[in-house]
Amino acid sequence: MATHSFSLLSIPSSTSTSYNRQSDNNTLTQKYCKILATSFTGGMLSIRPQNLNVFTLKRRRSTVATVSFSLPTAKPERAPSEIQPKWSARAIKAFAMAELEARKLKYPNTGTEALLMGILVEGTSLAAKFLRANGVTLLKAREETVKLLGKSDMYFFSPEHPPLTEPAQRALDWAVDEKLKSGESGEITVAHLALGIWSEKESAGHKIMATLGFDDEKAKELAKSMDKDIEMSYK
């Protein structure tokens, strides 16, 4: 029977090699980090290795935020852009808050009820103060919204900018049209927006306002302050 012989060769292990290298590096680091006593002052001198990682803080680039002074419209041909009235800063903020309220309630669209809540969330306009003084508060508006429209599916997520419902779009267009009809200069205010909601008789926003005690007489009183909102500037 033939005899088979095996020769054992020493195969270098990558693990052992890396371990040896690591131990060598540790030894060098310890040597460099060794604390030496100076013979002149008797103090302790600490020498740090030069290959330690140094983290530097980079300057953050400044970002510029742009603010739009127009809201969605279904009538882009209404008037030339140079004479198109602009929305006030408060009205634009109220619209942004309306989108946020629609998202909080997980609604797929921004309706007149959301526009109403947006006005109340913004809260600093004459229209918002008038509504609160006449019983139309944010908490009550939210409660009536849920009663009227119900709760959304808990697993549904609204888009970042829920599109306007048709009544909500008509409310915005009504506000712009009324400003153009007046022939006066200035901006479209939150009062225009609130009365635009009230003009949509079959909308959820109108029904909620009516349920909370708002009526045509109060609408006429609010109309007197449409152009009295103080402009808000962000500086």
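User: What is the relative accessibility of R142?

Analyst: The model is a predicted one. In this model R142 has a relative accessibility of 26% and counts as partly exposed.

User: Which residue does R142 form a salt bridge with?

Analyst: The partner is E101, and the closest N and O atoms of the pair are 3.0 Å apart.

User: Which other residue forms a salt bridge with E101?

Analyst: K104 does, with 3.5 Å between the closest N and O atoms. E101 and K104 are three residues apart in helix α2 (residues 89-104), which means that about one helical turn separates them. An α-helix has 3.6 residues a turn, so residues three or four places apart point the same way. K104, for its part, is exposed, with a relative accessible area of 53%.

User: How many salt bridges are found in the whole structure?

Analyst: A search of the whole structure gives seven. One of them pairs E200 with R170, whose closest N and O atoms are 3.0 Å apart. This pair links distant parts of the chain, 30 residues apart: E200 is in the loop between α7 (190-199) and α8 (204-211), and R170 is in helix α6 (residues 166-182). E200 counts as buried at 13% relative accessibility, whereas R170 is partly exposed at 40%.

User: Turning to helix α6, which of its residues are buried?

Analyst: The buried residues of α6 are A168, Q169, A171, L172, D173, A175, V176, D177 and K179. Their cover includes α2, α3 and α7.

User: Next, the largest nonpolar core. Which residues touch the most other members?

Analyst: They are W87, L116, I119, L131, F214 and L222, within a core of 41 residues. At least two residues of this core come from each of α2, α3 (112-122), α4 (126-133), α6, α7, α8 and α9 (216-223). The greatest contribution is that of α7, with seven residues. In soluble globular proteins, nonpolar side chains tend to be buried together.

User: What does L131 touch?

Analyst: Leaving aside residues up to four places away in sequence, L131 touches L116, I119, L120, V136, M209 and F214.

User: Finally, the overall picture. How many helices and strands are there in the chain?

Analyst: The chain has nine helices and two strands, and along the sequence they follow the pattern α-β-β-α-α-α-α-α-α-α-α.

User: What share of the residues is buried, and what is the accessible surface of the chain?

Analyst: Of the 235 residues in the chain, 33% are buried. The accessible surface comes to about 16,500 Å², with 56% of that area belonging to carbon and sulfur atoms.

User: What share of the contacts with a separation of 6 or more joins residues 24 or more positions apart?

Analyst: Such residues account for 68% of those contacts.

Note on methods
Residues are numbered from 1 along each chain as its sequence is written. This is a predicted model: local features need pLDDT of at least 70, side-chain atom pairs count only at pLDDT 80 or more; totals for chains, interfaces and linings use all residues. Side-chain values use heavy atoms; hydrogens and water are left out. A salt bridge is a side-chain nitrogen of Lys or Arg within 4 Å of a carboxyl oxygen of Asp or Glu. Helices (H or I, at least four residues) and strands (E, at least two) are DSSP runs, numbered from the N terminus. Buried means under 20% relative accessible area, exposed over 50%, partly exposed in between (1.4 Å probe, protein chains only). A nonpolar core is a set of buried Ala, Val, Leu, Ile, Met, Phe, Trp, Tyr and Cys residues joined through side-chain atoms within 4.5 Å. Contact means heavy atoms within 4.5 Å. Accessible areas come from the Shrake-Rupley method with a 1.4 Å probe; for residues, only the protein chains shown count as cover.
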